[in-house]
Structure formats: structure tokens, C-alpha cells
Amino acid sequence: MTHPVLTVGSVAFDSIRTPFGEVSRVVGGAATYFSIAASFFSEVRLVAVVGEDFGERHMQVFGDRRIDLEGLQRVPGDTFRWKGEYKLDLNARETIYTHLNVFQDFSPRVPERFRSTPIVFLANIHPALQMEVLDQIEAPRFVALDTMNYWIDGTPAELERVLQRVDAVVINDEEARQLSGKANLVQAAREIREMGPERVVIKRGEHGVLLTRGDGFFAAPGLPLEEVCDPTGAGDTFAGGFIGYLTAAGDLSDDAVTRAAICGSAMASLSVEDFGLSRLLSLTDEDIRSRFEAFRRLTHFDELDY
Ligand code: AMP
């Protein structure tokens, strides 16, 4: 049996517009993307809240995957809603609105049986909620955190406190610059390390990923894709592949973390091929393995021979 990973974060209704189309009120949310991606590698324990408008039909995205929903509460009110819009440069997105709704008064209660989960991923949500969840876990072995400009701007003090208690941070380049105040990503990673997390993973969208390794760095490019439809959730899906693999491997060495970064990149590159969760929901293990191999081929070269 593989180890489980526990996550807290948004479960949402998203509306998304890209130059290639538009969807409205589809199931999304950081913890949703994370859980579905991670469940291909390990068992996931989800802690989140939805409103009464989140019906059985919507629950089907979690399907018969290895996602334990005992920590997913349904309460009176509306589910979290977010709308984002992308122009031709899919790396830049504009948030049209964020309605916290049921997350506003949410007090997460981690089920008793989840409290000894060794690996924890604090997906994107209010840092005070991330902290509340972390406080309920007994002696976690490895804790990673994601966040967003919304919280970096809006709740910096709470974010600073939770950062002091995590082992790894997984954020995108824009957020890394904003959090550190440094334009250069190498400097940004070092600065964020000073805030607490030993390991800093910076997602760079179509440009790949940069992460700290030992005293230096590891970087992987993005896969040159013909079809990119919707980047929503790519960051959370990356985190799902990354943490899901580490959890399954039960190994936090630099080598395992490097493979995990490619698993994350493979999952994210698949997710962006269709709108919302669509591609993730139709994914097979074979798709994942063959995408991992595509990354190996992309980055392989021989020794210098002159
Ligand atoms: P990503 O594209 O990986 O940054 O994540 C997009 C997902 O994050 C969407 O499914 C949204 O529902 C969710 N999201 C957007 N804004 C927030 C926020 N402020 N807090 C938590 N989740 C959010």
C-alpha cells in the first residue's frame, strides 16, 4: 500500500475564457486539480468545503479515484467561484472575480483518521485555513504549500507565519517575484528559502520548472505542445504529480524530487490540452508514462565529444 497525502484548498465552480473558447461554472479549484492529479500516484485525503449547489453530479469528478472525501464538508451557501480570462499570451491571466462564499466562514476539521497523514499539501486557499489544517496534523514528515497573488497581497502576515512551518513551497514565477521582491528567479528562490521552506519549486508555465537542489538548482523545460487550450489548474496539477509521486515513492532525496518534478510537468502538460478538468478526467496511466518519456527524450543529450 502506498502512503497517503492530505490536502486542503479550494473546490470551486470556475468560469474560464481563453482565445480558444469559454466554459462557465465547471468544477475546478486548486484542491480538485491537485487531488485528481495526485490520485494517479497515491491515495489522497481531501479537506475542503462546498455549498448546497455542489450536487452529486459535480461530485462525480472525484469518481472512483483514490480520493477519500470524509474531510469534504457540504454546508448551506454557495460554493467558491472564480472567473479567469487569458489573452493570446497564456502565461498572463486576469482574474475577473473571486467569490470565497462558503470558504469565508469555513473552519476545517480534519477527521480523526486523517491526523497522522505523513505528507501534507496546503493547496491554494487563505493561509489561516492552511495553518488551521496544519495544526491538526500530528508530526507530519513533509509539508508543501502553494499560494497565489490574491493571498500574497491580501494576507501577507498569515502567509509569512505558515511559510515558517513548511518544508517546500510550490509557486509560479510571478508569485515568486511578488513574494520575494526579487526579479531574478534564482535570487527569488534563495530569498523564499530564508522565509522557512528548505525546498523552493518555481513553476514557469510553458517555460518549465526551476527548483532548488542541494546548494544549487534543477531545471526542466516545458514540453513544446501543439495544443494548449486552457492553462487553468496547471499549477495545481503540477503539484499533484510532484507531491503524488513523492508520496508514492516514500523518498525525499534530491533524485526523487527531480523525478517528481518531471511527473508534475507531465501531468500539467496533459491538463492544459483541454478545458478545465476534462483532460485529467480522461487520463490513463499509459498517457502519463508516455508523457514522462517524452520529457526524457526532450532533455536527453550525449557527452561532449571533442
Ligand atoms: P492555477 O491555474 O493552478 O493557478 O489554479 C486555478 C484554480 O485555482 C482554479 O480552479 C480556481 O478555482 C482556483 N483559485 C483561483 N483563485 C483562488 C484563490 N484566491 N484561492 C484559492 N483558489 C483559487
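Biologist: Why is cysteine 263 called buried?

Modeller: In this predicted model, cysteine 263 has a relative accessible area of 7%, and because buried means under 20%, the residue falls in that class.

Biologist: What makes cysteine 229 buried or exposed?

Modeller: The relative accessible area of cysteine 229 is 12%, which is again set against the limit of under 20%, and cysteine 229 is therefore buried.

Biologist: How many disulfides does the model contain, and how is that decided?

Modeller: A disulfide requires a pair of cysteine sulfur atoms within 2.5 Å, and by this rule the count comes to zero.

Biologist: Turning to the aromatic residues, how many aromatic pairs are found in the whole structure?

Modeller: The search of the whole structure finds six aromatic pairs.

Biologist: What makes phenylalanine 80 and phenylalanine 103 a pair, and why is the pair stacked, tilted or edge-to-face?

Modeller: The ring centres of phenylalanine 80 and phenylalanine 103 are 5.9 Å apart, and pairing asks for centres within 6.5 Å; their planes stand at 90 degrees, so the pair is edge-to-face, a class that begins over 60 degrees.

Biologist: Which parts does this pair tie together?

Modeller: Phenylalanine 80 belongs to strand E6 (residues 80-86), whereas phenylalanine 103 sits in the loop between strand E7 (93-99) and strand E8 (119-122), so the pair ties together parts that are 23 residues apart in sequence. Both phenylalanine 80 and phenylalanine 103 are buried, and ring pairs link Phe80, Phe103 and Phe106 into a cluster.

Biologist: How do you know that arginine 25 lies over the face of phenylalanine 13?

Modeller: Arginine 25 is 4.3 Å from the ring centre of phenylalanine 13, where the distance limit is within 6 Å, and arginine 25 does lie over the face of that ring.

Biologist: What makes strands E12 and E13 a pair, and in which direction do they run?

Modeller: Strand E12 (residues 209-213) and strand E13 (residues 216-220) run antiparallel and are joined by five bridges, where at least two are needed. Threonine 212 has phenylalanine 217 in E13 as its bridge partner. The two strands form a hairpin with two residues between them, and glycine 214 in the turn has a positive phi of about 55 degrees.

Notes: Residues numbered from 1 in each chain as written. Predicted model: local features only at pLDDT ≥ 70, side-chain atom pairs only at ≥ 80, totals over all residues. Heavy atoms only, no water. Phe/Tyr/Trp six-rings, centres within 6.5 Å; stacked < 30°, edge-to-face > 60°. Helix = DSSP H or I, 4+ residues; strand = E, 2+ residues; numbered from the N terminus. Buried < 20%, exposed > 50% of the residue type's maximum accessible area, 1.4 Å probe, protein only. Lys NZ or Arg CZ within 6 Å of the ring centre and 35° of its normal.
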